[in-house]
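Biologist: I have a chain to go through with you. Can we take it one question at a time?

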Amino acid sequence: MAAAAAASAASPSNSPPPSPPPDPLAKGTMITVSRHYFSEESTEDSHCFHIDIIENMEENYGMFVWPCSIILAEYVWQQRSRFAGKKLVELGAGTSLPGLVAAKVGADVTLTDDLHKPEVLENMRRICNLNKLDCKILGLTWGEWDAPLFELQPDIILGADVFYDSTDFDDLFATVTFLLQNSQGTVFITTYHNRSGHHLIEFLMAKWGLKCLKLLDGFSFIPAQKASSLQGNIQLVEIALDDRTVCQ
């Protein structure tokens with residue numbers, strides 16, 4: 001599931017660093033560390049930087065890298081000047097690849113996942129430590145109005161494959177809408193598998209007073225080397241508070 005993703009500005013003559021060994025704190029037989037590269041050429045032998053992700057295939061879906069996360073991370077890399085210096089929150093971050101790329105390019109990042117999944121939050125801390133990135137880690141359950149939520153005023157919200165279980169969609173939109181209202185000009189950027197049709201997300205956007213700023217096929221911008229290891233009908237959408245702007 002987790003494919004090593006592309007990378008950077010080092011000379012093509014420099015070979016990439018070796019893949020890291022499994023984290024010494026990790027327990028279990030299905031622990032692995034995947035390396036994800038980011039570069040102009042999207043090749044492992046010419047990379048700007050890499051992100052290492054600790055994955056555990058025996059645990060829940062918040063403990064490994066999904067294709068939507070790889071595509072959203074690539075989008076952040078390609079749009080890096082837009083993210084540098086911005087306050088960013090990743091919802092349902094799990095292994096946090098998009099948020100970590102944002103931190104790498106200069107964003108002030110808060111990574112969040114379900115407050116009731118301490119194993120996911122702890123893995124996020126270990127991944128941040130492994131990559132020497134200083135991100136805030138916050139337990140945040142969609143639809144629950146805990147005090148930390150009111151302190152967040154992001155410029156950009158990220159979410160990779162957060163449209164997974166339709167029973168969570170309203171709680172997700174409630175949280176997203178609150179964050180968009182709490183910070184003027186904020187945008188929510190998400191990638192999702194188009195499992196049940198974009199019409200459901202369009203309906204919920206209208207219900208919560210939101211609009212689509214941009215809708216892209218996830219494979220329209222990802223480098224071929226990364227795309228070859230991914231499957232699915234993956235969309236990227238940018239969402240904001242409704243001012244009657246239509247999808248472009």
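Biologist: Which residues line the largest cavity?

Modeller: Keep in mind that this is a predicted model. A search of the whole structure finds 1 cavity of 30 Å³ or more. By class, its lining has 3 nonpolar, 2 polar and 2 charged residues. The names are G139, L140, T141, E144, D146, P148 and L149.

Biologist: How much space lies in the largest cavity?

Modeller: Rolling a probe the size of a water molecule over the atoms shows where empty space is left. For the largest cavity, the space comes to about 40 Å³.

Biologist: Which residues lie nearest the centre of the largest pocket?

Modeller: The space in the largest pocket is about 480 Å³. Its lining has 9 nonpolar, 8 polar and 8 charged residues. In total 25 residues line this pocket, and nearest its centre lie Y61, G92, D113, K117 and W142.

Biologist: How far can I trust the model; what is the average pLDDT of the chain?

Modeller: One stretch calls for care. Over residues 1-28 pLDDT stays under 50, although the model has 79 contacts beyond four places in sequence for them. Across the chain, 81% of the residues score at least 70, and the average pLDDT is 85.

Biologist: What share of the residues of the chain count as buried?

Modeller: The chain has 8 helices and 9 strands. Of the contacts with a separation of 6 or more, 72% join residues 24 or more positions apart. Among the 248 residues of the chain, the buried share is 53%.

Biologist: Which residues have the most contacts inside the largest nonpolar core?

Modeller: In soluble globular proteins, nonpolar side chains tend to be buried together. Here the largest nonpolar core has 47 residues. Helix α1 (residues 67-78) gives the largest share of this core, 8 residues. Those with the most contacts inside the core are I51, L97, L100, V101 and I189.

Biologist: How many residues are in the second, separate core?

Modeller: Its members include L140, L172, V176 and I239. L140 also lines the largest cavity. The second core has 26 residues.

Biologist: Which residues is I51 in contact with, leaving aside its neighbours within four places in sequence?

Modeller: I51 is among the residues with the most contacts inside the largest core. Its partners include L97, L100 and V101, which are buried residues of α3. The complete set is S34, R35, H36, F38, L97, L100, V101, K104, N131 and L133.

Biologist: Is S96 buried or exposed?

Modeller: S96 sits in the loop between β3 (87-91) and α3. S96 has a positive phi of about 75° although it is not a glycine. Its relative accessibility is 1%, and the cut-off for buried is under 20%, so S96 is buried.

Biologist: Where is D161 found, and what is its relative accessible area?

Modeller: Most residues other than glycine have a negative phi, and most peptide bonds are trans. D161 has a positive phi of about 55° although it is not a glycine. D161 is found in the loop between β6 (156-160) and α6 (169-182). It is buried, with a relative accessible area of 10%.

Biologist: What phi does G106 take?

Modeller: G106 lies in the loop between α3 and β4 (108-113). Beyond four places in sequence, G106 touches F83, A84, G85 and K86. Just after α3, G106 takes a positive phi of about 110°.

Biologist: What distance separates the C-alpha atoms of Q79 and V105?

Modeller: Q79 is found in the loop between α1 and α2 (80-83). Q79 is partly exposed, with a relative accessible area of 28%. Q79 and V105 are 26 residues apart along the chain, and their C-alpha atoms are separated by 9.8 Å.

How values were computed
Residues numbered from 1 in each chain as written. Predicted model: local features only at pLDDT ≥ 70, side-chain atom pairs only at ≥ 80, totals over all residues. Heavy atoms only, no water. Helix = DSSP H or I, 4+ residues; strand = E, 2+ residues; numbered from the N terminus. Contact = heavy atoms within 4.5 Å. 1 Å grid on protein atoms, 1.4 Å probe; cavity = no way out; pocket = protein on both sides within 12 Å on 5 of 7 lines; lining within 4 Å. Points joined across faces, edges and corners; volume = space filled by probe spheres on them. Nonpolar A, V, L, I, M, F, W, Y, C, P; charged D, E, K, R; others polar. Buried < 20%, exposed > 50% of the residue type's maximum accessible area, 1.4 Å probe, protein only. Core = buried A, V, L, I, M, F, W, Y, C linked by side-chain atoms within 4.5 Å. pLDDT = per-residue confidence, 0-100.
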